[in-house]
Amino acid sequence: MSKLFEHAVQRSKAPFRYDIVGSFLRPENLKQARAQCSCGDISHAELSIIEDAEIAKLVERQKAVGLHAVTDGEFRRTFWHMDFLAALDGVQEVEAEKFSVQFKDKDVRPKTLKIVDKVDFSAHPFLQHYQALQRIAGDFPVKYTIPSPSMLHLICCVRATDYQPIARYQDNNQQLLADISAAYKKVIRAFYALGCRNLQLDDTSWGEFCSTEKRAAYAERGFDVDQIGRDYVKMINDAIADRPEDMAITMHICRGNFRSTWFSSGGYEPVAEILFGHCNVDGFFLEYDNDRSGDFKPLRFIKDQQVILGLVTSKSGELEDKATIIERIKEAAQYVDINQLGLSPQCGFASTEEGNILSEQQQWDKLNFIREVSEEVWGQ
């Protein structure tokens, strides 16, 4: 192994050198059960029993493949983000003519969100979902994923062309940002109280802000994208400011992941200084599986955060070349110390219940491959 990696070591806390973004392909019987429940053929309680059983199988597979923390695969969700956000106080999921972004060659079910009252957090089904995962995993560490606070504002106020603020937020966008941040502060406190020590915020806003085309389109509508970025970093930092020292909070940056397609392109340079230089998360999971993601130069703005390189695609089942992946890790290590780097898929395998276009076996082959590369680079 190159001298570059002589001091490379494994990592015993989240995020890990060998890690995952979170979602997994739904097994067919789970898909069928969810369809039956939506039609009223089985009850929500019966569906929950099936979900528990499938999550238990998934947890065992994750342990067997050597992951250091397991997720529930997002098996109880339809979308990676909508289910969580719609259950916040003051937010409603509503029908729409089209989804809030257009994926390349694919149409997503037309749902969106609307802010109808003060945004807050009280009772939330994801707390029970987390407890169920923890119960199933036993003493094994778990990781939980939720959408970033910026996603609510992005969907309702930036992507939407018909946003009409309620009286509380009329001419007062800063109040909305403050309420979202305060709600997420409660979210983090609630998950911590239940035992969560590894929480990931999933975020596609930065993927959009990397895109030259999308930045131009937002600017044409009167948005200052850089100012939105600064507002989002402040909102996230305020939300996580009081997290206990033993709780890792990371962020996954995505350019879209639906049925193996995407909705934006562009390297991280337009957002790197604002995001990497100022966002106080413990680590970034960064999409780097193709040319749409740009080069590693923007990583020069990384401070002390861990950077988990999403060099292995979850969009297809074909395995990458190991030597090529290791060479790319070497390239990234020119900007970030090797012991601040890790490896993962670029995204989950099923950001929506439909899942990406690969087989379950290919999904596990990808994770085996990532573990092997991790052991070769950072040792066992």
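**From the whole chain to single residues**

The protein chain exposes about 15500 Å², and carbon and sulfur atoms supply 48% of that area (accessible areas come from the Shrake-Rupley method with a 1.4 Å probe, and for residues only the protein chains shown count as cover). Keep in mind that this is a predicted model, where local features need pLDDT of at least 70, side-chain atom pairs count only at pLDDT 80 or more, and totals for chains, interfaces and linings use all residues. Numbering starts from 1 along each chain as its sequence is written, and side-chain values use heavy atoms, with hydrogens and water left out.

Let's stay with the whole chain for a moment. Its secondary structure comes to twelve helices and eight strands (DSSP runs numbered from the N terminus, helices being H or I with at least four residues and strands E with at least two). The radius of gyration is 20 Å, close to the 21 Å that the globule rule gives for 380 residues, so the protein chain is as compact as a globular protein of that length. That radius is taken over C-alpha atoms, and the rule is 2.2 Å times the number of residues to the power 0.38. Along the principal axes, the C-alpha atoms fill a box of roughly 60 × 50 × 45 Å. Of the 380 residues, 56% are buried (under 20% relative accessible area; exposed is over 50% and partly exposed lies in between, with a 1.4 Å probe and protein chains only). Take the contacts (heavy atoms within 4.5 Å) between residues at least 6 apart in sequence: 78% of them join residues at least 24 apart.

Now for helix 5, residues 149–159, and how it packs against helix 6, residues 173–193. Two packed helices are described by the angle between their axes and the distance between the axes. Here the angle is about 145° and the axes are 9 Å apart; axes are lines fitted to C-alpha atoms, for helices over the stretch in contact, and angles run from 0 to 180 degrees between N-to-C directions. Helix 5 contributes P149, L152, H153 and C157 to the contact, while helix 6 brings N173, L176, L177, I180 and Y184. By class that gives seven nonpolar, two polar and no charged residues (Ala, Val, Leu, Ile, Met, Phe, Trp, Tyr, Cys and Pro count as nonpolar, Asp, Glu, Lys and Arg as charged, and the others, Gly among them, as polar).

Helix 5 also meets helix 9, residues 225–240, where the axes come within 9 Å and cross at roughly 140°. P149, S150, H153, L154 and V158 of helix 5 touch I228, Y232, M235 and I236 of helix 9.

Between helix 5 and helix 6 runs a loop that holds Y163. Y163 counts as partly exposed because its relative accessibility is 25%. Beyond its neighbours within four places in sequence, Y163 is in contact with C156, C157, Y169 and L176.

Leaving aside neighbours within four places, its contacts include L88, L127 and A190.

Finally, S344 is in strand 8, residues 341–345, and is buried at a relative accessible area of 1%. Not counting residues up to four places away, S344 touches several others, among them D19, F285, G310 and I370.
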